[in-house]
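Thank you all for coming. Please take a moment to look at the sequence and the model before I talk you through two parts of it.

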Amino acid sequence: MALEERVKRMAISMSQRKEKAKKLQRWVCQKISDLTGFQWGVSGEDRPIESRPMGQSGADVRLDEQVRKLFPFSVECKRQESWDVPGWIEQARKNELGDTGWLLVMKRSNKPPVVVLDADAFFDLMRRVNHGPG
């Protein structure tokens, strides 16, 4: 295969990978919107829930303060075939806002998304579900 053809194939697959990653972020935005009732959009649309552009620093989903009161997580999304869960958890922790916990949403091809979060945050969430806040 000629070098030109290999470069063209790599570019196509990279753009496809980025589109799949964006699709996961948009899916997460929609789920948060469904839970909270706040609208979502892509970066620049000035909505309470926004999907950040690829490569931008910070959490992958930007949430306004009023949304974080109902959904108190800083979200990191990963759409890849090989997983580096410890590295992604570290990235999610670095992007965690002070009034939230970190939340990692991961997906592989032909598999449903899965969520990873801190165990204390999970048990606190379950306590709230079962007994109410406080």
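When I speak of a contact, or say that residues touch, I mean heavy atoms within 4.5 Å. What you see is a predicted model, in which local features need pLDDT of at least 70 and side-chain atom pairs count only at pLDDT 80 or more, while totals for chains, interfaces and linings use all residues. Residues are numbered from 1 along each chain as its sequence is written, and side-chain values use heavy atoms, with hydrogens and water left out.

Let me begin with S74, which is found in strand β4; strands (E, at least two residues) and helices (H or I, at least four) are DSSP runs, numbered from the N terminus. Not counting residues up to four places away in sequence, S74 touches A59, N95, E96, L97, T100, G101, W102 and L103. S74 counts as buried because its relative accessibility is 3%, where buried means under 20% relative accessible area, exposed over 50% and partly exposed in between, with a 1.4 Å probe and protein chains only.

Which side chain does S74 join in a polar contact of 2.6 Å? The partner is the side chain of T100, and a polar contact here is a pair of N or O atoms within 3.5 Å, of which, within protein, one must be able to donate a hydrogen and the other to accept it, with residues adjacent in sequence counting only if both atoms are side-chain atoms. A polar atom of the S74 side chain also lies 2.9 Å from the backbone nitrogen of L97.

Turning to I32, and leaving aside its neighbours within four places in sequence, we find I32 in contact with I49, V61, L63, V67, F71 and V75.
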